[in-house]
Amino acid sequence: MPPHDDEPAWPSDDSDVSGAGTPGEQPAEKPAEKPEKPAGESAKETADGGATAHLPLPKVSLPEQPTLFVPVAEKPKGDEEKPKPEPTAEASSEERTAFLPVVKPIPQQVTAPVQQPRPVPPPQRPVPPAGLVHAQPMRIEPSGQVRPAETAVPPQPPGEPPAPPAEPRKRRRGLLIGGALVLVLVVAAGVASAVPYVSNRLGLPWAPNLPKGDTPEPAAVTLALQPPSASAPTPTASGISSALGGPAANSALGTLAGVVVDPANGATLWNHNSGQLLTPASATKLLTSTAALLKLDHGFQISTKVVQGASPDTAIIVAGGDPTLSSLPVGKESVYPGAAHLDELVAQVKKASGGAIKKVQLDPSLYIGQPTAPGWAPEDAPSTYAVPVVPGMLDGGRSNPTVDEIARTGDPGNALLQTFAQRLGATAAGNVTAPKGAKVLGEVRSAPLTELVDNLLQISDNNLAEAVGRQTAIASGAPATFAGVAQTTLNILAQNGFDVSGAVLNDGSGLSTLNKVSPKLLAQLLTVAAAPDARDPRTVKLRPILEGLPVAGGSGTLADRYNTPNSSTGKGWVRAKTGTLSGVNTLAGVVLDKDGRALVFAMMSNGSNVLEARPALDAVAATLRGCGCR
């Protein structure tokens, strides 16, 4: 009977089988004694490592039958047959499995077994690898018992070490599955706890129906600094006189004139020659600042422009009077906070001109007259505290923009021109007057007026004070000269109700030793600025003056003062403008006494030694802080 074309050739369970099976053997349901094999065949099996022969399929056309595993014991050549041992739960390492189809006996005679080559399976039906079967493998024990077969272990080739046991493949998968389950449980618990019903039942903190406690009382806060109190006890004139009797009589003060005023009502509480005209030194800046704040818009800024010159390759710096223009890179601050930067101006000019500028010039025509004022000493400009007053300069003429008192240039205008030309990649070509209506190539502006005033009072900057004074003069139609500044300042003060009788000014900074004012005038300015309310329209305009006053022991020109036993009580409570020249010491400001009452004071000392007069003036102001003076 010809082989059935639909039946596959069944290989051994060993993957290394290469020999042909013995076809035609009668299938049996129980294992039989393995017949003696020809010598050649045994040798072949030995060479193949003891592979199990493939048994042929019966040449019958039957439905696919389940497959049984029949153990075939290996028997080396020449060995005598021995009784087979009782089977154990596990298959012996020497056992090999042959696949036999289970069929019912057919009374038809089959062809005698003949040694023949193993038939090649059809290409469209590839032989499945050994061990891969679809039917449930079964094992037939010698006793006839049938049970599921265990996976046979392929023999280890001789001479090779046994292969290490394979690592479990499902461990990592188990960990991942376990972690995922834990995560799902956590998320589910979180979602469930967020449900109002669940959170209420469990009494969770976020439960909607959880009983709420009483709202806690706000914590008490004690302010270290208190504003002046209009209801605080008012010092009496006799109390002030008694308290200042000792400190004001100190011989170190030389010729002293002073006054103490209550700004809440304008009452004079202490008067010691308050109308006497003395040299105020830098306290002059109080007058200059007051006039500017009364005349100019508080947001006013000083402009510096660059316009096109006679040819497209020429640029002219039109100096607008800003001494704070910074040479530092953008983002870095000089001693003038908020100052404009020269680099900004350079960038604008390059962009507007397309990089065509080859020559730059300076127009300093805004200011006229002498660069120094009457009463200035020859060594005042240049010095560590001043330079000649011109409308164009960088960093107030300082050699280091970040240090206040440091060596300064004697020609600040030329320094600006040279620096600008260098950064623009052009040549400096001197001074010139810019044509009217010239094309503007760039413009930068200073900080607002209130900030300029704050700065000039804090560090007592002389050139900034002169610049602010000139802007006030220009806005008033007066010439931008020292005389124009002086006259404009006094005129504005008089127009706003301040008594300027006998006052003489020669500049806006107070460097001039020829300036003469009274303590009374200084106190009037401060009294309006420190008024407790805005009923006086001047108060709103002058309030920035108080912000600019240095703090005793804390800022500006008072930062390193009030450190003696007689003056330390005023540290942090006294705010005042200083004034110092050779033989001249002035201190005018406000102080909060121990009862919370604001007091205005102005003390001027002439003919005194600076090192002795300064601590003596500080002691006077500190006494006002420490007494109730009633």
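Me: What's the mean pLDDT of the protein?
Reply: This is a predicted model, and the mean pLDDT is 80, with 67% of residues reaching 70 or more.

Me: And where does pLDDT stay under 50?
Reply: Over residues 1–114. The model still has 159 contacts beyond four places in sequence for that stretch.

Me: OK, fold next. How many helices and strands?
Reply: The protein has 13 helices and 14 strands. Of contacts between residues at least 6 apart in sequence, 70% join residues at least 24 apart.

Me: How much of the protein counts as buried?
Reply: 41% of the 630 residues. The accessible surface is about 33000 Å², and carbon and sulfur atoms account for 57% of that.

Me: Switching to the inside: which residues have the most contacts in the largest nonpolar core?
Reply: Leu-286, Leu-287, Phe-498, Leu-522 and Leu-542, in a core of 51 residues. Helix α11 (residues 519–529) gives the most to this core, seven residues.

Me: What does Leu-522 touch?
Reply: Leaving out residues up to four places away in sequence, Leu-522 touches Ala-283, Leu-286, Leu-287, Thr-586, Ala-588, Ala-602 and Met-604.

Me: And which residues are in the second core?
Reply: That separate core has 27 residues, including Leu-244, Val-574, Met-603 and Leu-617.

Key
Residues numbered from 1 in each chain as written. Predicted model: local features only at pLDDT ≥ 70, side-chain atom pairs only at ≥ 80, totals over all residues. Heavy atoms only, no water. Core = buried A, V, L, I, M, F, W, Y, C linked by side-chain atoms within 4.5 Å. Buried < 20%, exposed > 50% of the residue type's maximum accessible area, 1.4 Å probe, protein only. Helix = DSSP H or I, 4+ residues; strand = E, 2+ residues; numbered from the N terminus. Contact = heavy atoms within 4.5 Å. pLDDT = per-residue confidence, 0-100. Areas by Shrake-Rupley, 256 points an atom, 1.4 Å probe, with all protein chains shown as cover.
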